[in-house]
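Q: I would like to learn how to read the helices, the core and the sheet of a model. Please take them one at a time.

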Amino acid sequence: MQIPGHIDPVTTGTVPLRGGNRIDLVGLTRDAIRAQLVEAGLDAKAAKLRAKQIWHWIYHRGVTDFEAMTDIAKSMRPWLTDRYIIGRPTVREAQVSNDGTRKWLLAAADGQEYEMVFIPDADRGTLCVSSQVGCTLNCRFCHTGTMRLVRNLAAGEIVGQVLLARDALGEWPKGTMASAPDADDEDDEAGHYTADGRMLTNIVMMGMGEPLYNFDEVKGALKIVMDGDGLALSKRRITLSTSGVVPMMARAGEEIGVNLAVSLHAVNKEIRDEIVPLNRKYGIEELLQACADYPGANNARRITFEYVMLKDKNDSDEDARELVRLIKQYKLPAKVNLIPFNPWPGAPYECSTPERVRRFSNLIFEAGISAPIRTPRGRDIMAACGQLKSAATKPTRAELDRIAEEKQAALG
């Protein structure tokens with residue numbers, strides 16, 4: 001089995017535009033929006049102003065209709081509508097767990113499906129975001145790993161998950177803004193503009209796919225999420241999870257700068273080779289050294305090691321002691337998240353007993369390393385860690401040709 005890496009990158013083709021011949025502005029940088037406006041005929045000064053206004057409305061106000069942009073002149077809004085859209089993923093199915101966890105099955109413009117999950121807690125709300133349709137890593141405990149990789153998600157499709165979640169949670173700022181000098185007088189309303197408290201406080205790149213195999217698009221999306229003039233979510237509230245794509249880890253720290261989580265799941269080569277096949281390419285020692293070198297990691301921003309508890313596979317006292325030894329050997333500022341295995345149809349493993357999980361956790365805590373046990377969330381709707389899977393399939397060349405012909409015919 002070929003294991004993708006930096007010398008055999010994942011290639012997944014192009015992403016069809018949502019909106020046909022109109023350009024979707026979601027996922028574009030401010031400079032890219034400005035360039036689009038210049039190309040469409042605006043002069044440079046006007047394009048810079050409009051790009052700033054549009055950016056604010058998309059990412060700070062959550063609008064999807066240019067007619068709602070009240071500080072842009074009425075005469076300008078149809079011109080924008082004819083050329084651009086502000087897209088959202090299509091919701092195929094939305095489910096709510098007994099514990100309040102929400103899961104959405106989403107569809108891209110080409111019909112490919114992916115999932116996202118929102119997990120509410122008393123002090124935070126965490127959105128689990130996907131980066132690919134399917135996955136290429138074949139981790140044996142993970143339901144997503146049983147899928148084929150179909151393609152990478154574009155930056156707009158990644159940040160679109162965040163926008164859609166805020167739509168569903170109803171947490172965009174309320175009120176109106178005083179209009180700009182060139183807007184129509186009848187749109188000018190006195191300000192009662194307020195920003196409500198957020199339910200969505202944290203993002204984890206732990207949904208479908210390996211984020212570091214879609215580095216550029218993930219980076220672009222997270223830069224938008226962290227932008228202070230838009231969604232304005234602090235990098236300290238964003239965590240990127242990797243199964244151990246070692247060559248990309250330093251770049252992630254330097255160029256994105258968010259928290260790092262590593263899907264470790266085993267402490268020796270034999271077991272990790274089985275559970276996380278990527279270990280055959282980038283072994284545990286190489287991975288832990290990359291963690292030690294991760295830019296910005298310190299006791300205030302610890303690296304999280306994710307460790308799924310599999311009965312009689314990786315859950316012995318000896319495994320716990322070896323995990324402690326490795327963390328201390330590499331002098332890692334780390335904590336360990338112990339994840340009770342979440343079953344799915346056909347899974348080859350069972351979850352460790354609650355007593356065994358507690359014993360494992362206690363051994364790590366006794367060594368001075370935090371090892372909380374994650375409470376399973378959303379199991380009843382298959383939204384828990386390792387359970388995400390859509391029905392997406394990689395289209396054949398004939399199917400792609402047929403879709404292209406149908407779109408061309410629709411455009412005339």
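**Reading a helix, a core and a sheet**

A: This is a predicted model. Helix α4 (residues 155–169) has 15 residues and spans 22 Å from its first C-alpha to its last, close to the 21 Å expected at 1.5 Å a residue.

Q: Is α4 mostly covered or mostly open, and which residues are buried?

A: Buried here means under 20% relative accessible area. α4 is mostly covered, with twelve of its 15 residues buried. Among them are Ile158, Val159, Val162, Leu163 and Leu164, but also Glu157, Gln161 and Arg166. Just after the helix, Gly170 has a positive phi of about 65°.

Q: Which members of the largest nonpolar core touch the most others?

A: In soluble globular proteins, nonpolar side chains tend to be buried together. In this model the largest nonpolar core has 112 residues, and Leu37, Phe141, Phe305 and Val336 touch the most other members. α4 gives the most to this core, with eight residues. Beyond its neighbours within four places in sequence, Leu37 contacts several residues, including Leu42, Ile54, Trp79 and Tyr84.

Q: What is the strand order of the open sheet, and which strands stand at its edges?

A: Strands of a sheet pair through backbone hydrogen bonds, either parallel or antiparallel. Here nine strands form an open sheet with mixed pairing, in the order β3-β4-β5-β6-β9-β10-β11-β12-β13. β3 (90–96) and β13 (334–340) each have a single partner strand, so one side of each lacks a neighbour in the sheet.

Q: Where do α4 and α10 lie on the strands?

A: α4 lies across β3, β4, β5, β6 and β9, at about 45° to β5. Helix α10 (residues 354–366) lies across β12 and β13, at about 175° to β13.

Definitions and conventions:
Residues numbered from 1 in each chain as written. Predicted model: local features only at pLDDT ≥ 70, side-chain atom pairs only at ≥ 80, totals over all residues. Heavy atoms only, no water. Helix = DSSP H or I, 4+ residues; strand = E, 2+ residues; numbered from the N terminus. Expected span 1.5 Å × (residues − 1). Buried < 20%, exposed > 50% of the residue type's maximum accessible area, 1.4 Å probe, protein only. Core = buried A, V, L, I, M, F, W, Y, C linked by side-chain atoms within 4.5 Å. Contact = heavy atoms within 4.5 Å. Pairing = 2+ DSSP bridges. Axes fitted to C-alpha atoms, helices over the stretch in contact; angles between N-to-C directions.
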